Amino acid sequence: MDKRRIAILGSTGSIGRQTLDVVRQHPDLFEVELLTANTSSETLIAQAIEFDVNSVVICSEDKYREVAEALQPKGVKVFAGIESACELVAASSVDIVVAAMVGFSGLRPTLAAIAAGKTIALANKETLVAAGEIVTETALRCNARILPVDSEHSAIFQCLLAAQGNTVTRLHLTASGGPFRSWEREKIAEAKAEQALRHPNWTMGAKITIDSATMMNKGFELIEAKWLFGLAPDDIHIIVHPESVIHSMVEFEDGAVIAQLGCPDMRLPIQFALSFPRRLSLEGRKLDFASLASMTFFEPDREKFPALELAVGAIKRGGNAPCALNAANEAAVSAYLAGKIGFYDISDIVRKCLDGMDFVARPTLDDIFATHREIFSRAEKMC
Ligand code: MG
């Protein structure tokens, strides 16, 4: 395998840091070209020095001076603002762009990388939720390959390598069920952010951990799967599997089901997206079947987790509805994290925003940005 040159959008977050951990284990195969961060200047500076990167972008302009003073003497080019990230991901010196920013803010730079025909290792699912049709159409037109980093979608992608052109009839998207799976509805209603942040199986950033607790994350993943693999929402089945051993499954016409299994470790899907089609060694725990007491499966409880139905409703409605779903959720989750609203207010606010939105059946990119702005500020006011 030729050495691959990597740009990481959002290098200081959970996926960004784990991507660098993969690079650390295979310095002969990967080289870091560009890192971008929103505000975490100290971490960005340390990463740029350790990986001897060519350029960095700090998105918040007021941190520019600090980053420039630390890195320019070391020969690192330093830029500020999201527009710089959009330009630099398109550079010829970049082979793979890891899209690991959180939320809607990842859409613009990810689209810039796609338009430049880069291979995208996609962790930023909100990009596909908000603008799935535009993103996948642009990727097709510009010959950009999108490789999933989300563990479920990486699992499906790995299972599909066994498809050999045969028809897939269903996808089974597994869900851990989050920290509140076995709680009563009344107790969940009182849950504080710090309780929701204790995810049983996966270590992730704050936004996605809250999305896992509401199960909006699984709704988003259903939308993501529709765009990545081209199945109708009704053919994507969400199944709760608290042990998180099976990371998702693919079902064929003859009823055969292919599953991908492993220990919950995000570095595996990250690494497979970076090294595809090769598999590389990965240190860490391996599955021990004899010590797995059991694997259990349940239908999700749609009354305790109303976000699921909201997401399915939005993707079936289509147009800019999933964009509105994401925008309302982004505003509500940050209000919940700040202690301003209760747990079920998140899904109530999302529902109200979807009910009152201006629906556009065939949104342009401008419509998507307008919908996001409008619904985000409407949801913020409700908080
Ligand atoms: Mg996932």
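Analyst: Rolling a probe the size of a water molecule over the atoms shows where empty space is left. Here the largest cavity holds about 70 Å³ of space. A cavity, on a 1 Å grid over the protein atoms alone, is a set of points where a 1.4 Å probe fits but cannot get out. Grid points are joined across faces, edges and corners, and a volume is the space filled by probe spheres set on the points. Searching the whole structure turns up 2 cavities of 30 Å³ or more.

User: Before we go on, what should I know about where this model comes from?

Analyst: It's a predicted model: local features need pLDDT of at least 70, side-chain atom pairs count only at pLDDT 80 or more, and totals for chains, interfaces and linings use all residues. Residues are numbered from 1 along each chain as its sequence is written, and side-chain values use heavy atoms, with hydrogens and water left out.

User: Got it. Which residues line the largest cavity?

Analyst: A lining residue has an atom within 4 Å of a point. The lining is made of S151, S154, A155, Q158, W202, H247, Q260, G262, C263, D265, L268 and P269. The biggest contribution is from α7, with 4 residues. Helices here are DSSP runs of H or I, at least four residues, and strands are runs of E, at least two, numbered from the N terminus.

User: How do I read a metal site, and what coordinates the magnesium ion?

Analyst: Look for donors: N, O and S atoms within 2.8 Å of the metal (3.2 Å for Na, K and Ca); water is not among the atoms, so sites may look incomplete. In this model D150 (OD), E152 (OE) and E221 (OE) coordinate the magnesium ion at 2.1 Å. Along the chain, those donors follow the spacing D-x1-E-x68-E. E152 lies in helix α7 (residues 151–160) and E221 in helix α11 (residues 216–229), so the pair ties together parts that are 69 residues apart in sequence. Both glutamates are tucked away: E152 is buried at 8% relative accessible area, and E221 is buried at 1%.

User: And pockets? How much space lies in the second largest pocket?

Analyst: A pocket is an open set of grid points with protein on both sides within 12 Å along at least five of seven lines. The second largest pocket holds about 280 Å³ of space. It has 17 lining residues, and the closest to its centre are E133, W227, G319, A361 and P363. Both α6 and α11 supply at least two residues of that lining, with α6 giving the largest share, 7 residues.

User: Helices next. How do I tell which face of one points inward?

Analyst: An α-helix has 3.6 residues a turn, so residues three or four places apart point the same way. Take helix α16 (residues 365–382): its 18 residues reach 26 Å from first C-alpha to last, close to the 26 Å expected. That expected span is 1.5 Å times one less than the number of residues. Its buried residues are I368, F369, T371, H372, I375 and A379. Seen down the axis of α16, these fall within an arc of 160°, so they line one face of the helix; the arc is that of the directions from the helix axis to the C-beta atoms.

User: What do the buried residues of α16 pack against, and which exposed residues sit on the face turned away?

Analyst: The buried residues of α16 pack against α5 (107–115), α6 (125–141), α14 (321–337) and α15 (343–355). On the face turned away, you'll find the exposed residues D366, R373 and K381.

Key: Buried < 20%, exposed > 50% of the residue type's maximum accessible area, 1.4 Å probe, protein only. Contact = heavy atoms within 4.5 Å.
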